[in-house]
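Biologist: Could you take me slowly through this model, one question at a time? I would like to learn how each answer is reached.

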Amino acid sequence: VNRDVFFLDMGGYDGHGLSKEILQGNLPVLNRGLTAFYREMTYQNMLDKITFVVMSEFGRTITPNTSYGSDHAWGGNAFVFGGQVKGGQILGPYPKSFDNTDETNIGRGRLIPSISWESMWYGIANWYGISKFEEMNVVLPNNGNFGCQLFTDKDMYTVGNNTISGCNDRAVNLKMSMFLKEPRYLTGLEQKRICKAAIAAVAKNANVTSRCIVVDQKIIVSYDYNRRLTTVNGTRFLQTTDPTYEVEGTVSMDYQEDSTNQTGSEYIENVEAFTADMSQELTGICTDGTSTCETSGNTLDLVAQVNLFEADVSDSPSFAPSFSSRPSALPSVMPSVAPSRTPSVSPSDVPSNIPSKSSQPSSEPTKEPSAEPSVSQVPSGSPTKSYQPSDYPSVSPSESQQPSDYPSLTPSISPSDKPSLSPSKSPSDFPSTSPSDAPSTVPSLAPSSEPSDHPSLNPSESPTISSMPTPDDPSAKPSAQPSSRPSRDCGPYVPERCGNGGFWSPYTCECLCVAPYCPNEFTNGTCSSTTCPANYHETLFEGCTLDCPWFKLDSSCASASVVPEEATAIYSSKNDCCNGQFAGDVSGCMERPAGFSVLKYNARFTMSGIDCKTPSSDRAAAAGDIARAVISKVCSTVPGLNCGRNDKIKITKICGSNVDVEASASSSTRRRALQTSDDEVVEFTILLNAIAQEDLRQKDALLGQYFQGTNLNNLLIAIKNEILASSATRTVQTITTIYYEFLNSFISGLGLYYPAWGSKETCLNDGMQQEYMNNNPDAWLYTTLEACCDRYYSWATNECLKLHYEATMVSSSGAVPIIFDPTAELYYPDWLNTNTCVNDGNAPQYMKVNYETWMYVTLFDCCKTYYGWNDAFTPCLEAGGVNPPTKAPIEDSWYVDWANFKCVMSCEGPSPCGGFHKSWNILHLSKAVCCEEHLSWKDTCLLD
């Protein structure tokens with residue numbers, strides 16, 4: 001992976017109440033995180049490879065509400081930093097004022113955005129390596145909607161060199177006028193089509209590249225005022241209901257042409273030609289009145305005729321420019337080389353990039369701090385108060401009567417004489433000389449030299465093994481069970497250490513050595529000889545139980561009868577191994593499992609005659625008896641299987657109930673089953689362990705070969721006889737015949753799950769994770785497959801689970817377990833294919849991840865949400881096999897019928913229905929609201 005994106009989110013900022021207090025608590029936390037990240041990237045020399053973006057999903061109001069909070073708003077900002085970021089600049093127009101005089105302020109500091117999110121991400125995508133037009137349209141499919149109002153990496157980065165094709169050369173505003181069939185504003189899609197038509201026309205007729213955006217529009221409704229009649233009451237009404245609707249607007253176009261000619265400018269400034277071509281493109285009607293001409297496919301049903309597409313350009317600068325008492329709101333793109341002899345009375349809102357130096361200080365200091373502050377020799381008379389602690393402790397700390405709310409990042413070298421009322425979660429490097437009344441729940445890594453008065457209630461999972469027998473004094477409380485491997489009196493010649501990774505065994509009174517070493521009789525039996533007996537290391541721990549060696553295996557220590565070749569040392573206990581291999585994280589090593597591999601061989605028995613009417617306790621005991629019989633007969637019968645002490649069988653279902661009963665060992669369908677009830681089915685998993693996965697594949701093949709034909713018949717008879725002979729439960733005493741059916745088998749790990757990036761694109765636990773993950777397992781590794789998939793593949797959790805089973809399945813037959821998908825039958829908007837609501841289970845991942853937001857249980861609700869207007873709602877329902885509706889999906893939907901100047905309801909049928917509303921109609925909850933908003937001049941609106 002040479003590029004990656006990491007997303008972090010921090011909640012708690014929706015401050016509709018007490019915003020100031022919320023920010024005072026949250027921003028220091030955010031600041032510390034950003035500071036730590038910046039320092040770490042600097043330390044690792046990675047800062048030039050990082051771009052960090054801090055943003056929120058929307059802005060907030062500037063003025064508070066009655067709860068001292070801030071409510072939702074529109075325009076916001078983003079903060080970008082990185083080693084190659086061209087910092088110290090604000091991109092995009094900054095508000096001139098935060099009061100209501102600013103034209104972008106619609107009230108309470110709700111600012112209308114001046115640029116889009118794409119403007120920032122365009123430059124970041126450039127820096128990321130996305131420069132081709134086709135690739136950018138995939139990454140930012142809406143970038144064409146914003147003309148040249150985008151920032152490239154040349155604007156944002158010190159190393160950027162990309163520009164936008166069609167920009168950075170010529171720019172012109174076009175006056176647009178068109179007759180419409182309905183009095184409404186152009187929708188976003190219609191604006192895009194107008195610009196696509198303009199770009200196509202310029203490319204076809206002038207062969208230049210351009211970009212376009214509609215920046216302004218207004219609707220004009222015109223009447224013939226000569227055609228009126230007067231009512232009895234003297235009120236004048238229109239005699240005709242056929243007014244004309246016209247949209248006037250401004251289109252901003254940037255284009256790039258060859259310096260040797262001006263074909264682009266000549267065509268764009270040719271009003272007659274450009275207007276005629278645009279009318280043909282948008283209406284589909286040719287300039288000669290026919291309808292057979294070729295267009296770019298951007299016609300609009302709304303447009304009746306294009307009246308004007310005129311470039312607003314000046315032929316030459318004025319020889320007698322006028323003088324203004326107020327500076328221009330839009331400064332020149334080509335400022336004067338010589339400054340004015342008469343400076344402006346109204347200074348610029350934006351400071352100069354090259355400020356002049358004054359010999360006198362300003363009488364009115366700036367509200368912003370200096371980028372290069374001076375160092376004063378005299379302390380300030382009014383020092384500022386910080387809400388964040390210093391990263392460096394004071395050389396002369398003051399004494400406080402109250403503890404700080406923000407503890408120092410650098411602890412004191414001298415501990416306090418008095419214990420804290422709120423102790424730290426992490427142990428101190430300088431412990432108190434007085435023990436605590438409440439002992440820690442986490443044991444010490446360094447045990448006490450004196451025994452405890454309160455011994456542990458739970459025995460150790462890895463007890464130490466003494467190299468010397470106990471003294472002659474017997475225990476005051478001897479064990480009820482004698483040791484299975486009692487130690488011997490090895491005499492006085494016990495070496496202090498075996499060396500070269502070996503350890504002393506009190507059971508055999510010898511050093512046990514790791515390859516390539518073995519005991520040297522000339523050095524008191526220490527591991528110093530490399531001339532070893534044949535098969536010494538292969539048979540050294542064969543058949544071991546309690547004295548199997550421990551060795552490092554990925555992020556922890558493991559014990560097995562076979563030591564892997566890469567092991568450099570072996571130990572008598574996990575504690576010794578963790579201390580030797582993970583000295584800085586002993587407790588973590590003790591808690592983490594090691595990365596053994598395991599073969600999970602899943603199958604089921606059908607047991608004719610099993611009695612499932614017995615009590616649940618009897619059935620549970622029967623499951624245990626079945627498990628012991630199966631593991632015993634399988635391990636002793638299948639040649640070459642060589643079951644170890646960690647191999648076992650797990651019964652997962654009996655008599656129709658899910659159970660979890662284990663017993664330890666101290667394709668074609670391979671099916672032999674009857675069509676019986678689930679009550680007679682016993683499902684089980686054989687679990688075989690090994691370090692090398694190849695050993696498990698061989699065992700999988702052995703089981704597959706043996707579980708068929710005569711061998712399988714004899715094995716099933718032996719298992720039945722063993723169950724009947726060894727079990728006293730009523731559940732199994734009536735079994736007459738056992739049939740076998742193979743399900744599937746998998747090889748996976750017993751260690752922690754990690755993200756297998758770049759290979760399987762799922763989570764695995766085979767112990768093959770990178771070393772940096774082992775070094776920080778709490779940050780990278782997870783105990784369950786589900787948790788790992790949720791963490792690293794949250795956008796496709798089910799796919800992660802499925803890929804895991806596909807990656808670990810080893811059988812030629814069988815099937816991957818069915819992964820429950822809660823979205824499989826939900827309806828979603830299939831915009832890219834059918835453009836209707838479907839429930840085929842193929843929703844995009846972003847919808848599946850947030851299916852409660854995007855998807856619906858019923859077709860009606862989906863169509864209502866995404867296709868709730870006449871042109872789409874009915875086809876949406878009909879496509880799903882539902883009868884067409886007679887009423888709009890939105891209750892009490894009223895809109896203006898502009899052809900008749902009356903408010904109607906969105907439904908089919910007699911008045912007040914006026915037909916289903918269109919996508920652009922503005923809907924209202926009642927007729928009264930509709931009349932008040934749009935037809936307030938018409939006294940009879942409510943009566944129509």
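Modeller: A disulfide is a pair of cysteine sulfur atoms within 2.5 Å. This is a predicted model, in which local features need pLDDT of at least 70 and side-chain atom pairs count only at pLDDT 80 or more, while totals for chains, interfaces and linings use all residues. Residues are numbered from 1 along each chain as its sequence is written, and side-chain values use heavy atoms, with hydrogens and water left out.

Biologist: How far apart are the sulfur atoms of Cys 931 and Cys 941?
Modeller: Cys 931 and Cys 941 form a disulfide, and the torsion about their S-S bond is about -75 degrees, so the link is left-handed. Cys 931 lies in helix H22 (residues 927–934) and Cys 941 in the segment after H22, ten residues apart; helices (H or I, at least four residues) and strands (E, at least two) are DSSP runs, numbered from the N terminus. The distance between the two sulfur atoms is 2.0 Å.

Biologist: Which parts of the chain does the disulfide of Cys 148 and Cys 167 tie together?
Modeller: The sulfur atoms of Cys 148 and Cys 167 are 1.9 Å apart, and the link is left-handed, with -90 degrees about the S-S bond. Cys 148 is in the loop between helix H3 (133–139) and helix H4 (153–156), and Cys 167 is in the loop between H4 and strand E3 (170–180), so the pair ties together parts that are 19 residues apart in sequence.

Biologist: Is Cys 148 buried or exposed, or does it count as something in between?
Modeller: Buried means under 20% relative accessible area, exposed means over 50%, and partly exposed lies in between (1.4 Å probe, protein chains only). Cys 167, at 4%, counts as buried. Cys 148 has 21% relative accessibility, so the class for Cys 148 is partly exposed.

Biologist: Which elements do the buried residues of H9 pack against?
Modeller: Helix H9 (residues 574–581) has Lys 574, Cys 577 and Cys 578 as its buried residues. Seen down the axis of H9, these fall within an arc of 95 degrees (taken from the directions from the helix axis to the C-beta atoms), so they line one face of the helix. An α-helix has 3.6 residues a turn, so residues three or four places apart point the same way. Counting a contact as heavy atoms within 4.5 Å, the buried residues of H9 pack against strand E13 (550–553), strand E14 (556–559) and helix H10 (586–591).

Biologist: How far does helix H12 reach from its first C-alpha to its last?
Modeller: H12 covers residues 693–706, which makes 14 residues. The expected span of a helix is 1.5 Å times one less than its number of residues, and for H12 the expected value is 20 Å. The model is close to that, with a reach of 20 Å.

Biologist: What is the phi of Asn 207?
Modeller: Asn 207 sits in the loop between helix H5 (188–206) and strand E4 (209–222), and at 67% relative accessibility it counts as exposed. Asn 207 is a residue other than glycine, yet its phi is positive, near 55 degrees.

Biologist: What is omega for the peptide bond from Ala 515 to Pro 516?
Modeller: Pro 516 is found in the loop between strand E10 (510–512) and strand E11 (518–520). The bond from Ala 515 to Pro 516 is cis, with omega near 10 degrees.
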